[in-house]
Amino acid sequence: MKKITVIGTGYVGLVSGSGLADFGNYVTCVDMNGKRIKSLSSGHIPFFEPGLTEIVERNMAADRLYFSTDVIGAILEADVIFIAVWTPMDSDGSADLSAIKDVSKTIGENIKSYTLIATKSTVPIGTGEIINSIISEHAPQSTIFDVVSNPEFLREGSAVRDFLFPDRVIIGTDSDQAIEIMREIYRPLFLNETPFIFTDIPTAETIKYASNAFLAVKVSYINELANLCDATGADIHVVARAMGLDGRISPKFLHPGPGFGGSCFPKDTRALIHSAETEGVELKVVKAAADANEVQIDVIIKKLEQLTGNSLNDERVAVLGLAFKANTDDIRESRAVVMVDYLLSREAEVAVYDPAAMSNMKQLYPDLDYAESVESAVRGASAVLVMTDWNEFRGMDLAHIGELMDKKVIVDAKNLLSREQLAENGFAFEGVGRPYNG
Ligand SMILES: NC(=O)c1ccc[n+]([C@@H]2O[C@H](COP(=O)([O-])OP(=O)(O)OC[C@H]3O[C@@H](n4cnc5c(N)ncnc54)[C@H](O)[C@@H]3O)[C@@H](O)[C@H]2O)c1
């Protein structure tokens, strides 16, 4: 079994590391965040991800999973190093590769014998080549290594399952030895006939951006169609369902809402556009999807303003859902955060509730009214905004919610609630692309 070091113990690094340990490998996850590593070593998972605690505990107990801040020590003992550090958006829209470059230098300075370096972080086309040259520059002349692009497709909220049962695994490399090692690491997936795509590094890097940008296009497309439905009186849910029954289209990612957020789609679309521009290629479709996404939140804001008569000053507004989607505590680029910013700019009294993301939000906005339940968030509110598709919100007792509120106004930005029940309970309400003619 291979000794693996995963550098970067965030959502991707921790899930991949514990998943690789579950496949039978010996894994050390390292991070420069000492607090994170300390709490992981004592069995505390630093973020909310269903099933993650179990897989981490299981592999720690089996002595296959370790945590450390000693990056150099972990590089020295590794057969394989996965890079899973962040690649945030830079001010010009490009991916900031400084962490990737730092780590590559440290790897180069410390590898002593053949090592395979696999990139899990989402990186622009050509980054494999950059990693290769940084390691070559710093490694002793005789040291042999291979660089592999192994992009990760897990989704927060179902990350553990996505890692253990992926739709496909992409291996980009020009080395036969590296292919053999990757096969060994992912052996259980070969046995259950998961599709593997072996290709070169630039193609592997392109696959990741191409996939995320395509999904972003789908989301922006359905959002714009929903806006059209609002204008025409058609029902976007019926439109999307009927579209999705066409096998060429598929029903996935046809859910209208306030726009996509999260740590991937916004930055990856912008990074792809930027990369293409530097190659002299204009990706008009992806650009349109990214631009449409930025203004989709305005559609929700306009609905709120219309329902409240545009007077939010000193009014209590409850925001239900802060995470960028259900089953995660991640608020990066969440549209709910954009909405909170807007409400604060209008001097509303903002109450928020989210089943998992409140502590992340508190670090950024310590002064909001953090409610312990839906009921306490909506009590006395003049309007409620549903911003995240948590199941808990689907089952809300609307009669009771209406009794608690000061004014019965709901903007359901995720179309979770029954229009009929909202109407029956006397709410003034709006969804996205589902005008109610009751
Ligand atoms: N989150 C997702 O759903 C997802 C899915 C697929 C791919 N990705 C990609 O994977 C990468 C990581 O994403 P994430 O969401 O796990 O990020 P994250 O912010 O949760 O974690 C990144 C980790 O890297 C660590 N780190 C940064 N620089 C370091 C360094 N020099 N040395 C050691 N540790 C360092 C940070 O401390 C942090 O713990 C990104 O490129 C992202 O685009 C993310």
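Biologist: Among the contacts in the protein with a separation of 6 or more, what percentage is accounted for by residues 24 or more positions apart?

Modeller: The model is a predicted one. A contact here requires C-beta atoms that lie within 7 Å. Of the contacts with a separation of 6 or more, the share that falls to residues 24 or more positions apart is 72%.

Biologist: What radius of gyration does the protein have, and how does that agree with a compact globule?

Modeller: For 438 residues, a compact globule would have a radius of gyration near 22 Å. The protein agrees with this, because its own radius of gyration is 23 Å.

Biologist: What part of the protein do buried residues make up?

Modeller: A residue counts as buried if 20 or more other C-beta atoms lie within 10 Å of its own. Of the 438 residues in the protein, the buried part is 48%.

Biologist: Which residues of helix α3 are buried, and why do they line one face of the helix?

Modeller: Helix α3 spans residues 52-61, and its buried residues are Ile55, Val56 and Asn59. Seen down the axis of α3, these residues fall within an arc of 100 degrees, so what they line is one face of the helix.

Biologist: Which elements are included in what covers the buried residues of α3?

Modeller: The cover includes a strand, β3 (65-68). It also includes the helices α1 (11-22) and α7 (159-164).

Methods: Residues numbered from 1 in each chain as written. Predicted model: local features only at pLDDT ≥ 70, side-chain atom pairs only at ≥ 80, totals over all residues. Buried ≥ 20, exposed ≤ 12 C-beta atoms within 10 Å, placed from the backbone. Helix = DSSP H or I, 4+ residues; strand = E, 2+ residues; numbered from the N terminus. Arc of directions from axis to C-beta. Contact = placed C-beta atoms within 7 Å. Rg over C-alpha atoms; globule rule 2.2 N^0.38 Å.
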